[in-house]
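Here is a short note for your review. Please read the points below with the model open.

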Protein chains: 2
Amino acid sequence: MAGATAPLLGLEKKSLREQALSALRTAITSGELEPGRHLVETELSDMLQISRGTLREALRQLEQEGLLSAGPRGRLSVRHLDGKEIRDIFAVRAALESLAVRTLCELPDRTSVIASLRSAVDVMAAAAEASLEERIESDLEFHRTLCRLTGNETLLHSWESLEGSIRMSIMFAGIERAVKNMSVDRHHDIVAAIETGNATLARTTILEHMDVAAANLVA
Amino acid sequence: MAGATAPLLGLEKKSLREQALSALRTAITSGELEPGRHLVETELSDMLQISRGTLREALRQLEQEGLLSAGPRGRLSVRHLDGKEIRDIFAVRAALESLAVRTLCELPDRTSVIASLRSAVDVMAAAAEASLEERIESDLEFHRTLCRLTGNETLLHSWESLEGSIRMSIMFAGIERAVKNMSVDRHHDIVAAIETGNATLARTTILEHMDVAAANLVA
DNA sequence: GTACCATCAACTGTTAACAGACCAACTGTA
DNA sequence: TACAGTTGGTCTGTTAACAGTTGATGGTAC
């Protein structure tokens, strides 16, 4: 039963490592693996039906994403966030997204960018009555799009490295608090600010949005 | 010969994985492993005298740090940077350090912070006549200190995740270009700006510093 | 009951070996 | 010579097994 890839047909199946990564990420950010919990490699590999070697590769990645914290003897545990850390995470997030909107404002032609952002906001609006989880997904997708549209791969990568921590913050604070940040209007404001091309205005809008978001979570 | 830890004596010996990580990072950022080069796992594990399993854990981490890029069939190669990517990296770096100085400016008591920064600048001044490598190290240490002093662990972690890319940028541009950024005066300006507590001024100073640095590298 | 020592179970660090996919060279046939 | 099929090599994905340390458990002496 020793592995192999398996491209088979155009479908590009995910490797076991990637599957485990997704599964663990979901388990952690959904709270199924509660914060502070010690993770035992043999237990997880048994649960996920993969070998420890493959699992350990995934764990390293999660560790770097900030979802796991390493204890004394290499013991890993699910990271525990307090109010300060949530504010810290959102401060970094604000700095990154602030760069994103500034970059977008400086583009000579913003029409296609605005179009993409508007459709992302539309998705949010459409999900306004959907499940809380879906609303959060569409919200994160909007902000991820903000970074992606800059064309700055490093920026996008940094943001995505932070995404796990953001999700943990939401989980830690409780979803009912998080949905207070899902206002479609606020996101319209951000798009509008970018449309004007006024970098300072756009930056202020994002910073304020993030401040409010962090405050809502830790309040 | 199958492994184990080996604390031995208080000295906290590094695990093989960490040793490999350091070795590879150095090899890449020093140019010993030239950009674009394909990495073969068996070759590396042979060279570093460790098994593939252990090596692969280190490779995942380097991949996430942006030093390696994954090709079609999982083939890894040393990341190749062009001018745009260097500018992008420094834009993100600027955003992070901009947050750092702003945070420091908002501290009620900055005396100990200023003291730490001054001593970091002193180290740079002392290294002014040293080897180019040492000057670069002391420069990076100054900027890392900037982030560390904020007490924002997430910020520090994000910056350190970018550090490898920064080192690659320097290597790619050539050390002779990079040393143009090692001006002690410029760093004094940054500290002075923080000392005033004027967040806007400090932010402007850092952004300009980063702009010049990026321009020097890609010029 | 408490202190000390031996034994043992549990967990991580590390390694060697196996399985499948892709690529290039080689060979046989018109 | 040109081309198709085969074969061998190389590399990654994955796994099972081994080594060594740490912490706990149980038993014995005082």
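1. B:Gln49 counts as exposed because its relative accessibility is 68%. Here buried means under 20% relative accessible area, exposed over 50%, and partly exposed in between, with a 1.4 Å probe and protein chains only. B:Gln49 has a positive phi of about 60° although it is not a glycine. The residue B:Gln49 is found in the loop between α2 (41-48) and α3 (52-65) of chain B. Most residues other than glycine have a negative phi.

2. Ground rules. This is a predicted model, in which local features need pLDDT of at least 70, side-chain atom pairs count only at pLDDT 80 or more, and totals for chains, interfaces and linings use all residues. Residues are numbered from 1 along each chain as its sequence is written, chains are lettered from A and ligands numbered from 1 in the order in which they are written, and side-chain values use heavy atoms, with hydrogens and water left out.

3. A:Gln49 also has a positive phi, about 65°, and is not a glycine. The loop that holds A:Gln49 runs between α2 (41-48) and α3 (52-64) of chain A. A:Gln49 counts as exposed, at 69% relative accessibility.

4. How does chain B lie on chain A? The same surface serves both copies: 100% of the contact residues of chain B recur in chain A. Superposition is by least squares on the C-alpha atoms of residues with pLDDT of at least 70 in both copies; contact means heavy atoms within 4.5 Å.

5. Chain A has 10 helices and 3 strands. These are DSSP runs, numbered from the N terminus: helices are H or I with at least four residues, strands are E with at least two. Along the sequence, the pattern of chain A is α-β-α-α-β-β-α-α-α-α-α-α-α.

6. Buried residues make up 47% of the 219 residues in chain A. Among contacts in chain A between residues at least 6 apart in sequence, 71% join residues at least 24 apart. The C-alpha atoms of chain A fill a box of roughly 55 × 45 × 35 Å, taken along the principal axes.
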